[in-house]
Amino acid sequence: MEVITLALTRDFFMMLSQNKVLNSGAKRWGLKLGAQSVVAGTNIEEMVESVKKLNENGISATIDNLGEFVFEKKEATEAMNQILGVIEAIHKNNLDAHISLKPTQLGLDIEYGFCLENLREIVAKAYEYNIFINFDMEDYGHLQPSFDIIDELSKEYDNLGTVIQAYFYQSEEIIKKYENYRLRIVKGAYKEPENLAYQDKKDIDRNYIKLIEYHLLNGKFTSIATHDHHVIDHVKNFAKKNNIPQEKFEFQMLYGFRKDLQLKLAKEGYNFCTYVPFGNDWYGYFMRRLAERPQNLNLVAKQVFSK
Ligand code: FDA
């Protein structure tokens with residue numbers, strides 16, 4: 001019964017996350033519904049202050065200028081300019097930070113070539129300042145074109161990497177192809193069909209560990225992005241047993257989640273990087289976090305009732 005309720009709650013929030021009317025409406029609301037606990041402000045100044053605080057605690061940041069469901073060239077160009085602004089802000093403030101972005105925000109749903117050129121401009125600017133760009137991975141429909149763009153830009157630049165989602169059956173094949181890249185490995189956040197992805201949590205977790213171990217042993221640099229302490233403990237032991245140097249991996253978590261554990265890992269001497277989302281387009285991101293972990297609704301309740 002509990003499993004069914006959880007699945008329904010997950011589906012409900014995933015459906016809300018994809019609602020275009022609410023997505024665009026929320027841009028005018030400011031941070032609401034508890035999103036302020038997990039989104040680091042609506043503008044660059046607020047985000048910079050949040051990142052400085054993380055850096056003071058020995059934590060680096062990967063900054064996501066939130067945005068999705070972009071179907072107009074004008075919006076994609078605006079997003080590109082905003083991300084170029086974030087790159088300037090990282091450089092100017094000497095932040096220990098890099099960029100995470102979503103190809104759909106830069107026009108992947110509009111026109112492949114247009115998106116490629118927007119991303120080229122971003123990667124080239126970041127390259128000048130020695131700033132790394134991580135391509136977040138979205139749902140299955142965007143997987144191949146995102147990898148095509150990465151392949152194309154990798155011919156010119158080496159400051160880019162991406163994400164491997166462990167729920168896909170094909171993730172093992174993908175990780176082998178991209179083992180010379182800095183990779184973030186995650187369980188996977190989107191709702192994918194049975195013919196493409198594991199549905200059972202145990203299968204996803206098993207594949208997740210397998211991929212992490214593979215990349216730690218064979219890959220360039222591994223970002224283990226999870227809030228799951230079982231996985232984190234496993235990685236710590238695995239790294240010790242296999243003499244994986246600390247410089248070859250880091251843990252990542254989302255801004256506002258398990259803050260004590262984030263600080264603890266950084267204090268223990270592990271590389272730690274917090275994913276810092278900011279901006280007006282927070283709605284889809286926030287709904288996906290609620291879908292993943294309905295307990296996050298506590299965040300909403302606290303915000304609503306603490307007025
Ligand atoms: P999961 O949700 O499976 O939880 C496992 C266990 O961990 C829980 O049962 C609980 O014991 C513990 N736990 C989890 N959260 C907790 C909390 N807040 N407090 C206390 N205990 C908690 N996805 C994607 O498809 N594309 C992407 O590009 C990215 N990028 C990305 C970056 C970063 C930095 C992170 C952390 C995650 C992503 N994701 C992502 C999302 C990812 O795929 C996944 O959906 C979420 O991280 C949820 O899975 P977890 O591994 O965190 O644990």
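The exercises below work through a predicted model, from its sheet to its helices and its ligand.

**Exercise 1. Trace the strands of the sheet: what order do they run in, and is the pairing parallel or antiparallel?**

Solution. Start with the general rule: strands of a sheet pair through backbone hydrogen bonds, in either a parallel or an antiparallel way. Here the 8 strands follow the order S1-S2-S3-S4-S5-S6-S7-S8 and form a closed barrel with parallel pairing. Ignoring direction, neighbouring strands of this sheet are turned by 30° against each other on average. Next, look at where S1 meets S8: strand S1 (residues 60-65) and strand S8 (residues 272-278) pair in the parallel sense over 6 bridges.

**Exercise 2. Describe how H4 and H5 are arranged: at what angle do their axes cross, and which residues meet?**

Solution. First, the axes: those of helix H4 (residues 73-92) and helix H5 (residues 112-128) come within 10 Å and cross at roughly 10°. Second, the classification: angles under 35 degrees count as roughly parallel, and H4 and H5 are therefore roughly parallel to each other. Third, the contact: on the H4 side are Lys73, Ala76, Met80, Ile83, Leu84 and Ile87, and they meet Phe114, Asn118, Glu121, Ile122, Lys125 and Ala126 in H5. The residues of this contact divide into 8 nonpolar, 1 polar and 3 charged.

**Exercise 3. Check the length of H9: what span should its 13 residues have?**

Solution. The expected span is 1.5 Å times one less than the number of residues. For the 13 residues of helix H9 (residues 229-241) this gives 18 Å, and the end C-alpha atoms are 18 Å apart, so the two agree. Now step past the helix: H9 is followed by Asn243, which has a positive phi near 50°.

**Exercise 4. Explore the ligand's surroundings: how many residues surround the ligand, and which strand gives the most to the shell?**

Solution. Count first: 21 residues surround the ligand, and the closest are Asp136, Val186, Ala189, Thr226 and His227. Sorted by type, the shell holds 10 nonpolar, 5 polar and 6 charged residues. Then turn to the strands: S4 (160-165) and S7 (249-254) each supply at least two residues of the shell. S7 gives the most, with 3 residues.

How values were computed
Residues are numbered from 1 along each chain as its sequence is written. This is a predicted model: local features need pLDDT of at least 70, side-chain atom pairs count only at pLDDT 80 or more; totals for chains, interfaces and linings use all residues. A residue is near a molecule or strand if its C-beta atom, placed from the backbone, lies within 6 Å of it. Helices (H or I, at least four residues) and strands (E, at least two) are DSSP runs, numbered from the N terminus. Ala, Val, Leu, Ile, Met, Phe, Trp, Tyr, Cys and Pro count as nonpolar, Asp, Glu, Lys and Arg as charged, and the others, Gly among them, as polar. Two strands pair if DSSP finds at least two bridges between them. Axes are lines fitted to C-alpha atoms, for helices over the stretch in contact, and angles run from 0 to 180 degrees between N-to-C directions. Angles under 35 degrees count as roughly parallel, over 145 as roughly antiparallel, 65 to 115 as roughly perpendicular and the rest as oblique. Two residues are in contact if their C-beta atoms, placed from the backbone, lie within 7 Å.
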